[in-house]
Amino acid sequence: MIDKPGVDERLLAAEVAAAWAVDVTDLVFLPLGLDGHAWAYRVDTSDGRRYFLKLRRGEFAPAAVVLPGFLRAQGVRQVVAPIHRPTGGAGHGFGDYRLLLYPFHDGGSLWGRGLTDRQWIEYGEFLGRLHAVAPTTDIAAVLPVETYRSDAGERLRMLGAQAAASETLGGFWERYGAALHRLSDVVEDLASRVPRGRHVICHADIHPGNLIADGDGPLHVVDWDGPILAPRERDLMFVHSRDFGDHPMDARRAELFRRGYGPVEPDPTLLSYYRSERHLDDAAVFLSSILDSGASPESRANDLHWLTRIAETVAHPAYVA
């Protein structure tokens, strides 16, 4: 989020220092992500180390806490897992918030600069390994299972009247509201026709913005907040769609990805469902965030930028789910 959470950062730094037994020298807010209930900080310590702190209002999903460590234990080395406290457990409470601390990796996300040839191959290798991991009974018990029942359309319909009457969104809704409602119908139709594929562990948000790398260095996969048991197309949608990242897959990158992942022929109906549902869900999230009376003008402007980008995509005559 662009807006800071309403917490005393001195108390937060002291809490992190006590919980993870580190000598915190600086706490730097990072305006990252689109989750309205989560915030990020960089934690600097006296021994020169850096950590990534995630602060969430309410509880983290159980899978977000335990799955990354399980995957690393299975040899999926790209996974960035939370650090356990000396007293045990990864999560820690801070008033109405929960904290997770991670290793900090330099280089930034690959959304804007794209992946190198070597990284496209590793991207495929990572997803191939992830989709091949068999969950234990304990891990399967904390992972949501795909149902193809999205509530994004209902959320969009509830927000439509507010958007139409909003000074900020009135013009936007007049131009794009009908296209977003049509998208809701498309999602419902696709959900009724998708084949029920074999379920694997999916990251569920594996776009280049959640791939961290320093130059041509190894990939680090972050943001394990919403993993799910679903068909592999749940993740492959981000690879095959052109909507995620500024340097999407082309024929050459597809060949590099297959070199890492192996032969793959994703089901087109599943890919269409996941692409359309993601657009619809993001649109509902951004509408809600912009209509939030507590949002800053900067946050609203940022969210409106991304919302308009989605709306222009789905309203284009050539849009094919």
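1. Axes are lines fitted to C-alpha atoms, for helices over the stretch in contact, and angles run from 0 to 180 degrees between N-to-C directions. Helices (H or I, at least four residues) are DSSP runs numbered from the N terminus. On these terms, α3 and α7 pack at an angle of about 170°, and their axes lie 11 Å apart. That makes α3 roughly antiparallel to α7, a label given to angles over 145 degrees.

2. This is a predicted model, in which local features need pLDDT of at least 70, side-chain atom pairs count only at pLDDT 80 or more, and totals for chains, interfaces and linings use all residues. Residues are numbered from 1 along each chain as its sequence is written, and side-chain values use heavy atoms, with hydrogens and water left out.

3. From α3, Trp120, Tyr123, Leu127, Leu130 and His131 meet Asp235, Leu236, Phe238 and Val239 of α7; contact means heavy atoms within 4.5 Å. The contact of α3 with α7 has 7 nonpolar, 1 polar and 1 charged residues. Here Ala, Val, Leu, Ile, Met, Phe, Trp, Tyr, Cys and Pro count as nonpolar, Asp, Glu, Lys and Arg as charged, and the others, Gly among them, as polar.

4. The structure holds 1 cavity of 30 Å³ or more. A cavity is a set of points on a 1 Å grid over the protein atoms alone where a 1.4 Å probe fits but cannot get out, and lining residues have an atom within 4 Å of a point. The largest cavity has a volume of about 60 Å³, volume being the space filled by probe spheres set on the points. Both α3 (117-132) and α7 (233-240) supply at least two residues of its lining. Among the lining residues are Trp120, Tyr123, Phe238 and Val239. The lining comprises 9 nonpolar, 3 polar and no charged residues.

5. Helix α9 (residues 268-291) packs with helix α10 (residues 297-315) at an angle of about 150°, with the axes 9 Å apart. The two are therefore roughly antiparallel to each other. Residues of α9 in this contact include Phe286 and Leu287, and those of α10 include Leu304 and Leu307.

6. Helix α6 (residues 170-191) also packs with α10, at an angle of about 60° and with the axes 9 Å apart. The helices α6 and α10 are therefore oblique to each other, the class left once angles under 35, over 145 and from 65 to 115 degrees are assigned. On the α10 side, Leu304 and Leu307 are among the residues in this contact. The contact of α6 with α10 divides into 10 nonpolar, 1 polar and 1 charged residues.

Definitions and conventions: 1 Å grid on protein atoms, 1.4 Å probe; cavity = no way out; pocket = protein on both sides within 12 Å on 5 of 7 lines; lining within 4 Å.
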